[in-house]
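User: I'm new to this one and would like a walk through it. Could we take it as questions and answers?

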Amino acid sequence: MDVLSNLALGFGVALTLKNLTYCFVGVFLGTLIGVLPGIGPLVTIAMLLPITFGLDPVSSLIMLAGIFYGAQYGGSTTAILVNMPGEVSSAVTAIDGYQMARQGRAGPALATAAIASFVAGIISTLLVAFFGPLVGKWALEFGAAEYFSLMLMGLVFSAVLAHGDLVKSLAMVVVGLMLGIVGTDVTSGLPRFSFGVVELLDGVGFTVVAVGLFAVAEIVQNLARTEKVEVFTKDVKNLMPTWADIKAITMPTLRGTALGSFFGALPGITASVAAFSAYMLEKKLAKDPSRFGKGAIEGVAAPEAANNAAAQTHFIPTLTLGIPASAVMALMLGALTMQGIQPGPQVMTSRPELFWGLVASMFVGNVLLLLLNLPLVGLWARLTQVPYRWLFPAILMFAAVGNFSLNNSAMDVYLCAAVGVLGYVFAKLDCQPAPLILGYVLGPMLEENLRRALLMSEGSFAVFVTRPISLAFLLVTALILLAMIVPTLRRGRERALEEGDAG
Amino acid sequence: MKTRLLDNRDFLAGLLFITIGAVGFGVALSYPFGNVQQMGPGFFPRILGAILVGFGVVTLVRGLRSGEPVQGGWGWFPLAVITASLVAFGWLMEHVGLVPSLVVLIVSSAYAGREFRWGEVAVLAVAMTLLALSIFVWGLGMPYELFAFEFGR
């Protein structure tokens, strides 16, 4: 069995003491920071990115992945206890999880989240191990035209599924693409949009954009807000769910895993969509749908499973195609690029230890997450009470020192502040940052593939529609856009997203 | 429903997109365009600039129609304080070393919050400075002077 021998190779990498340690540190730090109120996976990863750059590529990817699912789980804890989800995807968990906490069932709610995440994590990682190589093999046949169309599809998906107005999200993609242009043009050697600033010749640094957009802008948004929240931490006692609880969550967890794994593998579809669909499905299937929103345990299990499954299968398009499926994956991809690895299907054949090491570490990480969370849940619960006025200076410290350390230059800190201002203004104008970061990461590749495709076709745009795979990607893109423009569907989408936000 | 243009969310967003697109297009005019077969460095940015202006116009017109206002007030004060603390940190790092820069960053950024208590902020500044030193200097071995006095550069 090919997959088995590859997995063996992967476990050989992931189970070395060094990588095991980084995986543990990642999961621990991710949970620790993710559980702090108002700090989601994006902020956590963005602020810890510079710390991982000193490691070798495999270790740094393993640690980042650990930070990611740690932060994801930590975010669910905060969603349940404080009703203050750090990310949209855990907003769905907050709907029923917070109600369970209010009814004194915070313990079982947290345990349900942990168990559902664990089951979903293991199943979906198996899917990554089996389907990743297939997608990778298929993608080896891709030429420049296919890549261009695929990236276009991913970018349009990310805009369509972003919360908020479609035109503005598409515009944000374009802003991201333009931001990605800054720097020296690879083909001609001409500096573009550098305005005579030496530091800009290499482009706007990836961490600069990530930290500015997701840490600095986010802090200002939180500080400008004035709301009080109730915290339910004293109630976290009997953690273990009853036998009836376990029975109640088994099927929802599996259904959530299936939905999440499927959605996660499609580029551009975020975990929040998966979580929300899983929630809606359970509500439809339930004998008494009115329990939902009032502390239904299935309403915690299904979205948690979907969320986590999607988070793992996101790695399929990210690692095999080099197309990030979400903003978090864009951060992962950016980190890989900074390590000097060009993501794409060739990674799996040229650096098998990277792909399989990561896959194996996801099994390890999910086990660690469960081991870490069941006993430590009391500590995490207490951490949700840390006031934000202590947290944001700490985040800023990581943001500032981290960015300075990239090139030992103050310019990166100034740029980060500027991106932060821009990010805040965009956020106030209801323009989503996720499409921007995807555009920024994919921009250079999009231009390069467009250039190559047109060079080989001698300037004929027909190449994008005469090659069947490329045509298929473009047709799907066009269909999605058409579906969004048809007004009836559009109204339905707005209503669906509003319901999703209501948590 | 009449909203002042300066409060009109989509009008402002459209304006911002048009500005970014137009500036990008304008600057890219000085880069060689090439042709479709041999894309020059000006090809992609000019197309993107034009598309962005287009999206901007659509957004702006829709803003004029809907008159949707900006949700919640603008947090100019925290925005200014946070930005200033970051800029101050960057500048100080190149002149006085890591420790004073960190203290200034923590204390000044804490001022952006709603509550500011000197005792708490002092503890926070010491703790964060020690954390930064242990992670970045002692842990990752970054070569920063903890204290310096270099204004001659």
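This is a predicted model: local features need pLDDT of at least 70, side-chain atom pairs count only at pLDDT 80 or more; totals for chains, interfaces and linings use all residues.

User: Let's start with chain A. What radius of gyration does chain A have, next to that of a compact globule with 503 residues?

Analyst: A compact globule with 503 residues would come out near 23 Å. The C-alpha atoms of chain A fill a box of roughly 65 × 55 × 50 Å along the principal axes. Chain A agrees with the globule value, as its radius of gyration is 22 Å.

User: Now chain B. What is its radius of gyration, and what would a compact globule of 153 residues have?

Analyst: The C-alpha atoms of chain B take up a box of roughly 55 × 50 × 30 Å along the principal axes, and 35% of its 153 residues count as buried. For a compact globule of 153 residues you'd expect a radius of gyration near 15 Å, but chain B has 23 Å.

User: How far apart are the C-alpha centres of domain 1 and domain 2 of chain B?

Analyst: Chain B has five helices and zero strands, in the pattern α-α-α-α-α along the sequence. Its domain assignment gives domain 1 (5-66) and domain 2 (76-139). The C-alpha centres of those two domains of chain B lie 37 Å apart.

User: Where the two chains touch, which element gives the largest share of the side of chain A?

Analyst: The contact takes 49 residues from chain A and 55 residues from chain B. On the side of chain A, the elements giving two or more residues are helices H8, H9, H17, H18 and H19 of chain A. By class, that side has 35 nonpolar, five polar and nine charged residues. The largest share, 10 residues, comes from H17(A).

User: Which residues have the most contacts inside the largest nonpolar core?

Analyst: This core has 215 residues, and it draws at least three residues from each of domain 1 and domain 2 of chain B. The residues with the most contacts inside the core are A:Ile45, A:Ala46, A:Ile395, A:Met397 and A:Ile437.

User: Let's zoom in on H14(A). Which helices do its buried residues pack against?

Analyst: H14(A) has 12 residues and reaches 16 Å, close to the 16 Å expected at 1.5 Å a residue. It is mostly covered, with 10 of its 12 residues buried, including A:Ala327 and A:Ala330. Those buried residues pack against H3, H4, H9, H13 and H19 of chain A.

User: Is A:Thr337 buried or exposed, or something in between?

Analyst: A:Thr337 is found in helix H14 of chain A. Its C-alpha atom is separated by 9.6 Å from that of A:Val441, 104 residues away along the chain. Being buried takes 20 or more other C-beta atoms within 10 Å. A:Thr337 has 16, so the label is partly exposed.

User: What is the phi of A:Asp430?

Analyst: A:Asp430 lies in the loop between H18 and H19 of chain A. With 17 C-beta neighbours inside 10 Å, this residue counts as partly exposed. Most residues other than glycine have a negative phi. A:Asp430 is not a glycine, yet its phi is positive, about 65 degrees.

User: Last one: why does A:Glu458 count as exposed?

Analyst: A:Glu458 sits in the loop between H19 and H20 of chain A, and its phi is a positive value near 55 degrees. A:Glu458 is exposed because its count of other C-beta atoms within 10 Å is 10.

How values were computed: Residues are numbered from 1 along each chain as its sequence is written. Chains are lettered from A and ligands numbered from 1 in the order in which they are written. Domain bounds come from an automatic or database domain assignment. Two residues are in contact if their C-beta atoms, placed from the backbone, lie within 7 Å. Helices (H or I, at least four residues) and strands (E, at least two) are DSSP runs, numbered from the N terminus. Ala, Val, Leu, Ile, Met, Phe, Trp, Tyr, Cys and Pro count as nonpolar, Asp, Glu, Lys and Arg as charged, and the others, Gly among them, as polar. The radius of gyration is taken over C-alpha atoms; the globule rule is 2.2 Å times the number of residues to the power 0.38. A nonpolar core is a set of buried Ala, Val, Leu, Ile, Met, Phe, Trp, Tyr and Cys residues joined through C-beta atoms within 7 Å. The expected span of a helix is 1.5 Å times one less than its number of residues.
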